[in-house]
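Subject: Structure handover

Hello,

Here is the structure I promised to pass on. Please open it first, then read my notes below alongside it.

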Amino acid sequence: MKKSWMLGLIILTSACSKDFIPVNFQIEGAKNAVIVRIDGEHTVPWDTIEVINNKLKINLPLDSTIKTFYYFIFDSGASLRIGLEPGDNIKGSINAKESLTVYELNGSSLSEQLHALYEPVLKSSQIIDSLDKYQAISKNDTGIDLLSMEKRHYTALEIRYFQHKNEIIEIMAKDSSSLSNVFGFFQKVADVPLFSNREDDKVNFNLFGDAIIKSHPYHPLARIFILEKNRILGKNNLVK
């Protein structure tokens with residue numbers, strides 16, 4: 001009887017462990033992280049984890065969708081998203097010294113796609129910061145034509161906007177059905193949405209959006225995406 005009870009406990013423990021994904025990060029510049037689960041259009045606070053000896057180790061649970069996304073917010077202001085599914089084992093390094101997070105990771109296709117989609121965001125943010133700093137300094141320089149500077153600033157932003165958008169499209173095309181692509185569709189450059197034009201973005205919404213919806217018809221993120229797609233394209237906003 002005792003052996004049967006022990007065997008049952010081992011089986012139960014093994015089954016439960018499959019619902020948790022190990023996450024191990026080497027971190028510079030932060031002492032703790034608030035972890036939030038992304039639950040469709042809502043966020044659910046999960047835990048606050050201390051960074052010990054520059055390491056953050058945690059086993060994060062999968063929710064009932066089996067494709068679960070988390071948001072890490074560090075005390076330094078840095079942040080990042082990860083996505084989990086069965087069999088993942090995430091390892092990586094994070095420079096959390098500044099709000100513009102620089103990181104690398106592997107062991108999860110969802111998280112790796114999120115990282116790829118984040119790289120254009122990082123680049124755009126760095127360019128915008130540089131332009132803003134130059135603009136702030138130049139305003140005190142009487143030898144600079146401020147109107148011409150504003151025009152150059154706007155032109156540089158416009159060029160980067162379309163570069164960013166093309167980079168995101170190329171990344172999504174490599175794995176068009178990835179649920180992580182939903183976050184790519186909601187990106188902005190200088191508060192201007194990448195995908196918001198009914199005519200210009202119709203092809204992108206149909207090409208990538210339909211692939212997401214077909215592969216993940218019942219996932220909360222996909223269903224939110226359906227609503228946003230229909231709103232932009234001017235369709236009847238019903239989720240079937």
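One caution before the notes: this is a predicted model.

Start with strand 7, residues 90-95. In a regular strand, side chains alternate between the two faces of the sheet. Strand 7 shows this pattern. I90, G92 and I94 point to one face and are buried.

Which way does strand 1 run relative to strand 7, parallel or antiparallel? Strand 1 covers residues 20-28, and the two strands run parallel, joined by six bridges. Look for Q26, which stands opposite S93 of strand 7.

Strand 8, residues 102-106, also pairs with strand 7. Here the sense is antiparallel, with five bridges. N95 stands opposite V102 of strand 8. Strands 7 and 8 form a hairpin, and six residues lie between them.

**Two loop residues with positive phi**

Next, check N53. Its phi is near 55°, a positive value in a residue that is not glycine. N53 sits in the loop between strand 3 (42-50) and strand 4 (55-61). Is N53 buried or exposed? Its relative accessibility is 66%; exposed means over 50%, so N53 counts as exposed.

D191 also has a positive phi, near 70°, and is not glycine either. Find D191 in the loop between strand 9 (188-189) and strand 10 (192-193). D191 has a relative accessible area of 68%, so it is exposed by that cut-off.

**Helix 5**

Helix 5 runs over residues 202-215.

**The cavity**

How many cavities of 30 Å³ or more are there? The count is one. The largest cavity holds about 30 Å³ of space. Its lining is I38, D39, G40, D63, T65, K67, T68, F69, H219 and P220. Strand 2 (32-39) and strand 5 (68-74) are the elements that give two or more residues to this lining. The lining residues divide into three nonpolar, four polar and three charged.

Best wishes

How values were computed:
Residues numbered from 1 in each chain as written. Predicted model: local features only at pLDDT ≥ 70, side-chain atom pairs only at ≥ 80, totals over all residues. Heavy atoms only, no water. Buried < 20%, exposed > 50% of the residue type's maximum accessible area, 1.4 Å probe, protein only. Helix = DSSP H or I, 4+ residues; strand = E, 2+ residues; numbered from the N terminus. Pairing = 2+ DSSP bridges. Expected span 1.5 Å × (residues − 1). 1 Å grid on protein atoms, 1.4 Å probe; cavity = no way out; pocket = protein on both sides within 12 Å on 5 of 7 lines; lining within 4 Å. Points joined across faces, edges and corners; volume = space filled by probe spheres on them. Nonpolar A, V, L, I, M, F, W, Y, C, P; charged D, E, K, R; others polar.
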